[in-house]
Amino acid sequence: MSLLRGIRMNTGVDSTDPYVQRLLARFEALQQPLLLDPEQPTSALPGSVQRLPRDLSKRLPLALLAFELPPALAWPPAGLQDAAALAAANGLLASTAGAAAEKRALLAQLEAATPQRLLLVCNGQASPDRSTERFLRAACGHAERSALCLLATDAAAAAESLQRWRTWLATLELPLDGLFDDAGAAASWAGAPP
Amino acid sequence: MSATSTNSATSANSAISIAVVGHTNAGKTSLLRTLTRRIDFGQVSNSPGTTRQVAAIDLAVDGAAALRLLDTPGLEDAPALLEHLQALDGELPRSQRVQAFLNGPAAAAEFEQEAKVLRCLLATDAGLLVIDMRETPLPRFAAELEVLQLCAKPLLPVLNHVCHADSQEPAWRALLASHGLHACVRFDAMAPLDGAERDLYTDLGALLPARRAQLQELSEHLQRQAVERHTASLRLLAELLLSLAAYRELVDKSALAAAGAKAARIERFRARIAARSRQATFDLLSLHGFDRNSAEATELPALAGRWEADLFNPEALRDAGKRLGTGALVGGAIGLVADVALAGLSLGAAATLGAALGGMASQGIGPLGRKLADKLRGRVELTLEDATLALLLEQQLTLLNALERRGHAALEQLQQQPPAAAPLEAKPMADLLLALRPARAHPEWAAPKLADAGNAQPAPASPARERQLHSVSTALRPLALAVRSTHARAS
């Protein structure tokens, strides 16, 4: 590379010549990226969910939780209004934008509620990550049965990102009894069809 | 990775090292591919957490590394990491908390990925913080900013997907400003805006005043390279057009008597033209750092047969012929063919005489005499019409514009939503066809091995051909500029 550049500078080789340019491109392609900090064996979060012993006589029928929904997605969304009313009246209806203290408080509420069914609602257009995994895993640990509903502001545009979620979820061992991208179907699972 | 292993800047002459950091799936590797023009760098996918290691690549100025860019894994759980950092010994000053974390067990366990990012950032001169503007600026991103700022390194936010309909730029700017980050660069890694690369290095220079001159030099070097690549690209296209304008095949009239034989002959001719055109596409890809054999390249409309089908489509040719206008009618016949089977080609005496007359001015009676003699021997010529050349040029300039304007991670978009070939204006097109006219009388200017599909070789150099090549390249400039403007307006 330096040799060729040197030749160009010192001999006046036409660097706008397509063949010189292609030669330069080939030389540049020879430069291999340098691996500085290689990948280590993954340190995944615990695979199984810890279910703590609870007083099941106090458990509530339904918890409906929104996790990191953008302002553009109404909460509770259309299709889950009845489920939200049921959760608010006789269970737990809550949402978190994802701040650490807020999540902690919500998980504590969930633990106290010990719901029979937990319906988690996430933004299907967001990119899932380990922070999401950590919350879902902890939340599922406090419920008898759990399901996830992925909503999007633009369902047509969200097809690719919904697939990303499905692929991502398939790599985790989350105890999800249902995965929905339709609020109506999720409401039916929660026992409060719209 | 130690602090010294990344060539951290201690000397004003050493390569500047920049860590590219951000949330998982924000487009860090795509940005690096665009900045380095290396389609093969790293791994880009729609899945979160694709990059799990730190890799470096250098940008060189005249052979010497000027900038080292470091790709890092995505930050995935900044809220938990921030809590972890805050829970460390409260006596520790902010600057030492990150180091304490890196020396602790969590850096090798649950936060191993984040540890790589922070270790890398600490060892570099500055960080480019890539942000996907389509994401809502949730608390997790605020936590990322706080964690990264604990490294006390200059950070330049790079606003990716800034032109997307779902971009939330104002909300992001507000969040960044609340963390003291007021300077941002709008840089769409998939389709960089004009001048975005220059802006990025200028803004980086403002964050690193001691390195400003170096960054300025790098920016100017990259601009010179872009100009050289453009000039070289136009030379390639000029070579293609000149070769095709000069190319002809002599055919025995008797061989064309049967409809089937005629169709086969025409098909063979078209296949050779298409192969030469594909060769030019490969050359353009290669010039812009793309591997011609990569899956992305082979799916391009120019290579997957879609543009090729258009090239001899009667309707497309008729439209191209109309766009050329009567003022552009030079040389042989023009696009409005009665014989659909012959669309895009000229066959027979009219074309031969037209071409020969076109060549008489520069070549005397020789070529005409030869063509007339050929005709007398019962043979005709198969040549390419001007409308076909115009259509081919529209396609190739569209591809060139896409390669120049778009990032190196954007081949996918080219495949899925190929931009419509930009219609070229009649006047500059007429000038180009005039520049190509002498080639009609010089069959030896065609690449000699055009008949061997895919193996086109440069035609033998001759001063007259070189002069004409220069004229064609010059005539291509305004057309390339017009295509660029058309697509810029459309986007």
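Two strands count as paired if DSSP finds at least two bridges between them. In general, the strands of a sheet pair through backbone hydrogen bonds, either parallel or antiparallel. In this predicted model, strand E1(A) and strand E2 (residues 54–61) of chain B are joined by three bridges and run antiparallel. One of the residues involved is A:Leu35, whose bridge partner in E2(B) is B:Ala55.

This pairing belongs to an open sheet of seven strands, in the order E1(A)-E2(B)-E3(B)-E1(B)-E4(B)-E5(B)-E6(B), with mixed pairing. Strand E1 (34–37) of chain A and strand E6 (185–186) of chain B stand at the edges; each has a single partner strand, so one side of each is left without a neighbour in the sheet. Helix H4 (residues 112–122) of chain B lies across E1 of chain A and across E1, E2, E3, E4 and E5 of chain B. This helix runs at about 155° to E1(B).

## The two chains in outline

Chain A contains seven helices and six strands. From the N terminus on, its elements follow the order α-α-β-β-α-β-α-β-α-β-α-β-α. Of the 194 residues in chain A, 46% are buried. The chain exposes about 9200 Å², of which carbon and sulfur atoms supply 56%. Among contacts in chain A between residues at least 6 apart in sequence, 78% join residues at least 24 apart.

Chain B has 18 helices and nine strands. Buried residues account for 56% of its 491 residues. For contacts in chain B between residues at least 6 apart in sequence, the share joining residues at least 24 apart is 76%.

## The parallel sheet of chain A

Chain A also has an open sheet of five strands, ordered E3-E2-E4-E5-E6, in which the pairing is parallel. Strand E3 (91–96) and strand E6 (178–180) of chain A are the edge strands, each pairing on one side only. On average, neighbouring strands of this sheet are turned by 15° against each other, direction ignored. Within the sheet, six bridges join strand E2 (residues 62–67) of chain A to strand E4 (residues 117–123) of chain A. In one of these pairings, A:Phe67 has A:Cys122 of E4(A) as its bridge partner.

Helix H4 (residues 100–113) of chain A packs on the sheet and touches E2, E3 and E4 of chain A. The direction of this helix makes about 170° with that of E3(A). Helix H5 (residues 130–140) of chain A lies across E2, E3, E4 and strand E5 (145–151) of chain A, and runs at about 165° to E4(A).

## Backbone details in the loops of chain A

Which residues in the loop between E2 and H3 of chain A deserve attention? One is A:Pro76, which lies in the loop between E2 and helix H3 (81–90) of chain A. The peptide bond from A:Trp75 to A:Pro76 is cis, with omega near -5°. Another is A:Glu68, found in the loop between E2 and H3 of chain A. A:Glu68 has a positive phi of about 55° although it is not a glycine.

Is A:Glu68 buried or exposed? Because residues under 20% relative accessible area count as buried, A:Glu68 is buried at 3% relative accessibility. A:Thr114, in the loop between H4 and E4 of chain A, is likewise a residue other than glycine with a positive phi, near 40°. A:Thr114 is buried, with a relative accessible area of 6%.

## Helices of chain B

Helix H9 (residues 259–287) of chain B has 29 residues and reaches 42 Å from its first C-alpha to its last, close to the 42 Å expected at 1.5 Å a residue. After H9(B) comes B:Gly289, whose phi is positive, near 85°. Helix H8 (residues 212–246) of chain B packs with H9(B) at an angle of about 170°, their axes 10 Å apart. Because angles over 145 degrees count as roughly antiparallel, H8(B) is roughly antiparallel to H9(B). Residues making the contact include B:Leu236 and B:Leu240 of H8(B) and B:Ala280 and B:Leu284 of H9(B).

In helix H2 (residues 78–87) of chain B, the buried residues include B:Ala78, B:Pro79, B:Leu82 and B:Leu85. The buried residues of H2(B) pack against H4 and H5 of chain A, together with helix H3 (94–103), H4 and helix H5 (139–149) of chain B.

Terms used: Residues numbered from 1 in each chain as written. Chains lettered and ligands numbered in written order. Predicted model: local features only at pLDDT ≥ 70, side-chain atom pairs only at ≥ 80, totals over all residues. Heavy atoms only, no water. Helix = DSSP H or I, 4+ residues; strand = E, 2+ residues; numbered from the N terminus. Expected span 1.5 Å × (residues − 1). Buried < 20%, exposed > 50% of the residue type's maximum accessible area, 1.4 Å probe, protein only. Contact = heavy atoms within 4.5 Å. Axes fitted to C-alpha atoms, helices over the stretch in contact; angles between N-to-C directions. Parallel < 35°, antiparallel > 145°, perpendicular 65-115°, else oblique. Areas by Shrake-Rupley, 256 points an atom, 1.4 Å probe, with all protein chains shown as cover.
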